[in-house]
Amino acid sequence: MLTGLPTDPMLLLSVINTKLRDYYPSLDALCEDMQVSKTALVEKLGTIDYEYNEQKNQFE
């Protein structure tokens, strides 16, 4: 579930990448802290052809 996050995938991408850059060392840490589904997040951003790059800690 992605409660409290933008529903538009492009806005969601911007918010998530900013949070990953500024506050979280990994996608797992972000999802745990924000109590969001990692699967739902990855699937939503996948609809605009973005995938999580673990080494860069961002969706690209």
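**A tour around helix 2**

Select D33 first: with a relative accessibility of 52%, D33 counts as exposed (over 50% relative accessible area; buried is under 20% and partly exposed lies in between, with a 1.4 Å probe and protein chains only). The model is predicted, so local features need pLDDT of at least 70 and side-chain atom pairs pLDDT 80 or more, while totals for chains, interfaces and linings use all residues. Residues are numbered from 1 along each chain as its sequence is written, and side-chain values use heavy atoms, without hydrogens and water.

D33 lies in helix 2; helices are DSSP runs of H or I with at least four residues, strands are E runs of at least two, and both are numbered from the N terminus. Next, display E32 together with D33: these exposed residues sit on the face of helix 2 turned away from its buried side.

Now turn to L27, L30 and C31, which are buried in helix 2. They cover an arc of only 95 degrees around the axis and therefore lie on the same side of helix 2; the arc is that of the directions from the helix axis to the C-beta atoms.

Then select helix 1 (residues 9-22), whose axis comes within 10 Å of that of helix 2 (residues 27-34) and crosses it at roughly 105 degrees. Axes are lines fitted to C-alpha atoms, for helices over the stretch in contact, with angles from 0 to 180 degrees between N-to-C directions. I16, K19 and L20 of helix 1 make the contact with L27, L30 and M34 of helix 2, where contact means heavy atoms within 4.5 Å.
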